[in-house]
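Hi everyone, thanks for making time this morning.

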Amino acid sequence: MSRTITPSPQGSPQAVQNGEAVLSHGLKQRHLSMIALGGVIGAGLFVGSGVGIAAAGPAIVLLFAGTGALVMLIMRMLGEMSAARPSTGSFSVHAEEELGSWAGATSGWMYWLMLCAGVAAEATAAGTIMHTWVSFLPAYGWVAIFMVFFCASNLTAVKNFGEFEFWFSAVKVAAIVAFLVLGVLGILGVFGSAPGTSHLTGHGGFFPTGAAGLAAGLLTTISGFAGLETVTIAAAESDDPSRNVARAVRTAVWRIAVFYIGSMAVVVTLVPWNNPKVATDGPYVTVLDRLGIPAAGTIMQIVVLVALLSAMNANIYGSSRMAYSLVHRGQGPRFLAKVTRGVPAAAVLASCVFGFVAVIAGIVWPTTVFAWLLNIAGCSVLVVWSIVGLTQLKMRRRLELEAPELLSVRMWAFPYLTWLALAAILGVFAVMAASADGRQQLAGTAVVAAALAGAGHLKQRRDDRQAALGA
């Protein structure tokens with residue numbers, strides 16, 4: 001399945017994807033800039049990274065560096081394709097055009113599933129934090145409040161999503177910058193004795209848990225980066241899609257290097273990796289306590305709550321736009337295409353309902369249904385990244401032949417780094433297959449991916465027959 005690539009009018013993603021003209025362009029450059037800047041800072045960094053440190057020790061810095069490098073390559077590929085052909089469906093649209101309906105359906109619906117599962121997990125965690133502060137309302141009550149609030153805000157106008165993400169991201173960026181400044185001062189001995197390299201080389205050395213620890217930490221670091229692709233979806237509803245997505249992607253490298261790798265280096269330098277508080281209280285709280293910062297736990301709880309709410313907001317937005325794009329391409333129930341005041345209202349409601357049902361599953365069946373859903377969602381991003389790489393390989397060659405002027409963002413060292421990224425993803429799959437839990441995740445994900453690919457393939461065959469009859 002292939003379509004001719006033609007230049008689109010500046011700032012008009014509707015010209016790129018038929019049927020998307022009804023979506024509004026309420027996002028401004030400042031929204032996209034801050035979404036891109038703060039989108040890399042999630043609850044996975046503030047909380048989940050503690051599990052990775054406990055698993056891999058100081059070597060977590062290398063894992064984040066390696067995973068960050070892979071994410072940089074994926075984002076560069078997405079930037080190349082999205083700057084050339086902005087679309088609300090982003091990589092799913094490109095995959096369908098270049099590889100076929102099976103690829104568009106698989107990548108799109110698996111991404112939707114991942115984001116909706118993320119909404120459930122983040123809402124549950126945010127509700128738990130609020131319950132510790134205001135105990136008269138149960139955690140699930142706070143979950144309901146958050147779900148209703150963000151569903152309503154996403155139903156009104158896309159600019160509301162942009163405004164919330166702008167300020168959420170501002171808080172997260174300020175928090176991580178303050179942490180890095182305090183951490184560097186702590187390493188220099190401003191808050192007491194300088195630790196030197198004692199925590200990097202002591203307590204079992206730089207690789208204290210060996211290959212098994214690295215494998216466990218690898219999966220944690222990958223899940224921390226999931227969802228960054230939303231900025232390429234949001235760019236299609238901005239005032240200048242091609243230019244905005246290009247700017248966002250071009251700054252991804254230093255954001256990842258500073259925020260993730262830098263903060264992990266600060267953590268493992270200042271505190272022992274095997275300090276039990278790193279995993280239980282979180283690495284950032286542990287470091288701030290070590291530096292003697294008053295009310296460190298409360299401060300970080302507030303920041304984590306903001307990160308969770310930010311992720312909820314972004315995931316509701318991203319999942320609704322992906323669902324909207326899929327149904328407009330005949331890849332889902334048509335009622336989800338309903339648009340109200342420039343917002344895909346039906347898709348927003350469907351994504352929120354699925355997320356809330358997943359929350360209930362987490363309460364009723366936490367170790368079965370909910371665990372299964374999270375396992376598949378965690379592995380889905382690898383499937384999506386694989387399809388992104390294959391799509392970019394084909395689309396880049398067509399762009400060079402048909403419309404080279406659209407390549408305002410280019411993948412580095414094409415095609416070698418694209419193939420390297422695909423090889424790295426295969427390597428991650430191999431690491432997962434080496435453990436019982438990993439094999440279980442892979443099996444569940446394979447079943448879902450095969451079902452989606454099969455449905456997409458059947459649709460493509462039906463479309464081909466209809467086209468042949470029409471000719």
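**Aromatic rings and the core**

Let's begin with a group of phenylalanines: Phe149, Phe150, Phe164 and Phe168 make up one aromatic cluster. Please keep in mind that what you see is a predicted model.

How many aromatic pairs does the structure hold? The count is 14. Take Trp109 and Trp112: their ring centres are 5.4 Å apart and their planes meet at 80°, and since an angle over 60 degrees counts as edge-to-face, that is what we call this pair. Both tryptophans sit in helix H5, residues 101-133, three residues apart, or about one turn of the helix. Are they buried or exposed? Trp109 and Trp112 are both buried.

Now look at Phe206 and Phe207, another edge-to-face pair, with 5.2 Å from centre to centre and 80° between the planes. Here Phe206 is partly exposed, at a relative accessible area of 27%, and Phe207 is partly exposed too, at 46%.

In soluble globular proteins, nonpolar side chains tend to be buried together. In our model, the largest nonpolar core has 148 residues, and the members that touch the most others are Phe46, Met264, Leu382 and Trp385. Which helix gives the most to this core? That would be helix H15, residues 296-328, with 18 residues.

Let me finish with Met264. Setting aside neighbours within four places in sequence, Met264 is in contact with Leu45, Ser49, Ile53, Ile60, Val61, Phe64 and Tyr284. Thanks, everyone!

How values were computed
Residues are numbered from 1 along each chain as its sequence is written. This is a predicted model: local features need pLDDT of at least 70, side-chain atom pairs count only at pLDDT 80 or more; totals for chains, interfaces and linings use all residues. Side-chain values use heavy atoms; hydrogens and water are left out. Rings of Phe, Tyr and Trp (its six-membered ring) pair if their centres lie within 6.5 Å; planes under 30 degrees apart count as stacked, over 60 as edge-to-face and the rest as tilted. Helices (H or I, at least four residues) and strands (E, at least two) are DSSP runs, numbered from the N terminus. Buried means under 20% relative accessible area, exposed over 50%, partly exposed in between (1.4 Å probe, protein chains only). A nonpolar core is a set of buried Ala, Val, Leu, Ile, Met, Phe, Trp, Tyr and Cys residues joined through side-chain atoms within 4.5 Å. Contact means heavy atoms within 4.5 Å.
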